[in-house]
Amino acid sequence: MGKAKPRYCEVCGAPIRGPGHRIRIEGAEVLVCDRCFEKYGGKKPGTFSIMPTGRRPTRRAYSRPARPRPSSKPKTERPLYTEEIVEDYAERVYRAIQRSGKSYEELSHEVGLSMNDLRAIAHGHREPTIKEAKKLEKYFKIKLIETSGEEVLEKKSIPRDYEPTLGDIANIKIKKRKKK
């Protein structure tokens, strides 16, 4: 008589000593070792689940109300505009500082810029950022920012029943042959 083939646990892969145990895991009947039988076989056959003991998956009796979809309007792009600092910003800021009659230190606290930044902007050594220019405009009530906008025409909308063709999608490059 030949030697019996070793059997392996179908859950953990360990060799099975002895007869082994047949249990049901999620509807499938499997052969397991003693350790896996202790872990999974204590339940009634066919009742094992991955869910923790004592909990059952719950189904909601109500359905969530669907979020109302916003109506699809033809999208119009916002007009593009650029903000630029005026060329004579230094002169305007310097005159405003002279009119106020306050020192750079006092103004720097009130405006919200450092004393060195305020002095550099007023003397033309440094151009203010848009944020700094807005602070100066607000405090001194002067114009430092120019906005130049371009009008944008209404964007053409594509009808919903439109099916694109290959020519609409592909960008074909035609190579010219070189003459020999």
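**Cysteines, a helix pair and a buried glutamate**

The sulfur of Cys9 lies 3.6 Å from the closest cysteine sulfur, in Cys36, which is too far for a bond. A disulfide is a pair of cysteine sulfur atoms within 2.5 Å, and the structure holds zero of them. Cys33 is likewise in no disulfide, with the nearest cysteine sulfur, that of Cys36, 3.7 Å away. Cys9 counts as buried at 5% relative accessibility, and Cys33 is buried too, with a relative accessible area of 8%; buried means under 20% relative accessible area (1.4 Å probe, protein chains only).

The model is predicted, so local features need pLDDT of at least 70 and side-chain atom pairs count only at pLDDT 80 or more, while totals for chains, interfaces and linings use all residues. Residues are numbered from 1 along each chain as its sequence is written, and side-chain values use heavy atoms, with hydrogens and water left out.

Turning to Glu132, this residue sits in helix α5 (residues 130-140); helices are DSSP runs (H or I, at least four residues), numbered from the N terminus. At 13% relative accessibility, Glu132 counts as buried. Its side chain is joined to that of Arg126 by a polar contact of 3.2 Å, a term for a pair of N or O atoms within 3.5 Å, where, within protein, one must be able to donate a hydrogen and the other to accept it, and residues adjacent in sequence count only if both atoms are side-chain atoms. Beyond its neighbours within four places in sequence, Glu132 is in contact (heavy atoms within 4.5 Å) with Leu113, Asp117, Ile121 and Arg126.

How values were computed: Helix = DSSP H or I, 4+ residues; strand = E, 2+ residues; numbered from the N terminus. Buried < 20%, exposed > 50% of the residue type's maximum accessible area, 1.4 Å probe, protein only.
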